[in-house]
Amino acid sequence: MKNSEYPFLIAQDGPLSGMRWLIKTQLFIGRDSSCEIAVPDRQVSRQHARVVFSETGVVLEDLGSKNGTFCNSKRLEGSVELKEGDEIQIAMAQQFLFISPEATLPLEDMPFGISTERRLKLDMAGRRVYILNKELDPPLSFSQFSLLQLLYQKSGEVVSRTELASSVWGGEIEFISEQALDALIRRLRERLAQLDSGYEYIITVRGHGLRLENPLIN
């Protein structure tokens with residue numbers, strides 16, 4: 001297989017921020033220097049977790065760590081199969097983003113990759129946002145990007161608030177208040193306005209949900 005056909009992890013918040021690792025067979029994550037991903041933090045167990053790649057998918061497994069392995073904010077009890085965009089947290093020390101093989105294709109081949117024609121464009125693999133061909137900096141948070149990604153993939157369609165909350169927070173949406181979703185939407189609108197304050201991208205359709213208004217660049 002070519003490197004572009006393998007899934008990978010991108011380190012986000014933490015001492016390894018910005019680094020990435022291809023998942024060709026398995027990766028051990030831990031404090032011990034023998035681990036493929038060594039996290040230099042006392043909160044991390046010597047062999048804390050591992051990620052295993054097989055023909056059936058990619059599995060994240062906690063190795064009996066003291067301070068826990070988390071997937072999308074939920075502590076693991078055993079293992080879980082990873083999906084595109086899953087957020088992995090090792091104790092409170094290091095965060096990773098999982099990118100599936102499909103997202104490692106060249107951007108021009110990605111169904112929702114960068115388009116040179118729209119006002120707002122997403123680079124799914126790099127989690128970058130471009131407005132009028134200018135990159136939004138600093139990057140969006142994981143929750144903000146997850147919300148925008150779903151709207152972007154269904155551009156022009158009305159997406160229900162329940163579907164939006166489920167995309168951001170997974171299956172635990174019964175614990176998420178309406179105010180939390182409203183706050184996230186407000187913050188996302190504010191971030192987009194940093195580059196284009198004169199245009200409203202996220203439209204509220206009262207009683208139904210939200211839709212993304214993303215026209216062609218004139």
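Student: Which residue in β4 does Gly30 stand opposite?
Tutor: Gly30 stands opposite Ala38 of β4, and since the model is a predicted one, this pairing should be read as part of a prediction. The partner strand is β3, residues 26–30, which pairs with β4 in the parallel sense over two bridges.

Student: OK, and what is the strand order of the open sheet of five strands?
Tutor: The order is β4-β3-β5-β6-β9, and the pairing within this open sheet is mixed. At the edges are β4, spanning 37–38, and β9, spanning 79–81, each of which pairs on one side only.

Student: Staying with β9, is Glu81 buried or partly exposed?
Tutor: Glu81, which has its place in strand β9, is partly exposed, with a relative accessible area of 43%. Leaving aside neighbours within four places in sequence, Glu81 is in contact with Thr56, Gly57, Val58, Val59 and Asp86.

Student: And what is the C-alpha separation between Glu81 and Phe53?
Tutor: Those C-alpha atoms are 9.9 Å apart, for two residues separated by 28 residues along the chain.

Student: What about phi at Ala91 and Leu132?
Tutor: Ala91 has a positive phi of about 50 degrees although it is not a glycine, and Leu132, also a residue other than glycine, has a positive phi near 50 degrees. Ala91 lies in the loop between β10 (87–90) and β11 (94–99), whereas Leu132 lies in the loop between β13 (128–131) and β14.

Student: Buried or partly exposed, those two?
Tutor: Ala91 is buried, with a relative accessible area of 1%, while Leu132 is partly exposed, at 34%.

Student: Where is the positive phi in the hairpin of β15 and β16?
Tutor: It is at Gly207, where phi is near 85 degrees, in a hairpin that has three residues between its strands. Strand β15, residues 202–205, and strand β16, residues 209–212, pair in the antiparallel sense over four bridges, and Thr204 stands opposite Leu210 of β16.

Student: Now helices: at what angle do α2 and α3 pack?
Tutor: Helix α2 (residues 161–169) and helix α3 (residues 178–193) pack at about 80 degrees, with their axes 11 Å apart. Angles of 65 to 115 degrees count as roughly perpendicular, so α2 and α3 are roughly perpendicular to each other. The contact is made by Arg161, Val168 and Trp169 of α2 together with Glu178, Ala180, Leu181, Asp182, Leu184 and Ile185 of α3.

Student: And by class, what is in that contact of α2 with α3?
Tutor: The contact has six nonpolar and three charged residues, with no polar ones.

Student: Last topic, how many residues are in the largest nonpolar core?
Tutor: That core has 25 residues, and those with the most contacts inside it are Leu120, Leu122, Val129, Leu148, Leu192 and Ile202. The elements giving two or more residues to this core are β12 (120–123), β13, α1, α2, α3 and β16, and α1 supplies the largest share, six residues.

Student: What does Leu192 touch?
Tutor: Not counting residues up to four places away in sequence, Leu192 touches Leu120, Val129, Ile131, Leu136, Leu148, Tyr201 and Ile202. There is also a second, separate core of 22 residues, which includes Leu16, Val39, Val58 and Leu76.

How values were computed: Residues are numbered from 1 along each chain as its sequence is written. This is a predicted model: local features need pLDDT of at least 70, side-chain atom pairs count only at pLDDT 80 or more; totals for chains, interfaces and linings use all residues. Side-chain values use heavy atoms; hydrogens and water are left out. Two strands pair if DSSP finds at least two bridges between them. Buried means under 20% relative accessible area, exposed over 50%, partly exposed in between (1.4 Å probe, protein chains only). Axes are lines fitted to C-alpha atoms, for helices over the stretch in contact, and angles run from 0 to 180 degrees between N-to-C directions. Angles under 35 degrees count as roughly parallel, over 145 as roughly antiparallel, 65 to 115 as roughly perpendicular and the rest as oblique. Contact means heavy atoms within 4.5 Å. Ala, Val, Leu, Ile, Met, Phe, Trp, Tyr, Cys and Pro count as nonpolar, Asp, Glu, Lys and Arg as charged, and the others, Gly among them, as polar. A nonpolar core is a set of buried Ala, Val, Leu, Ile, Met, Phe, Trp, Tyr and Cys residues joined through side-chain atoms within 4.5 Å.
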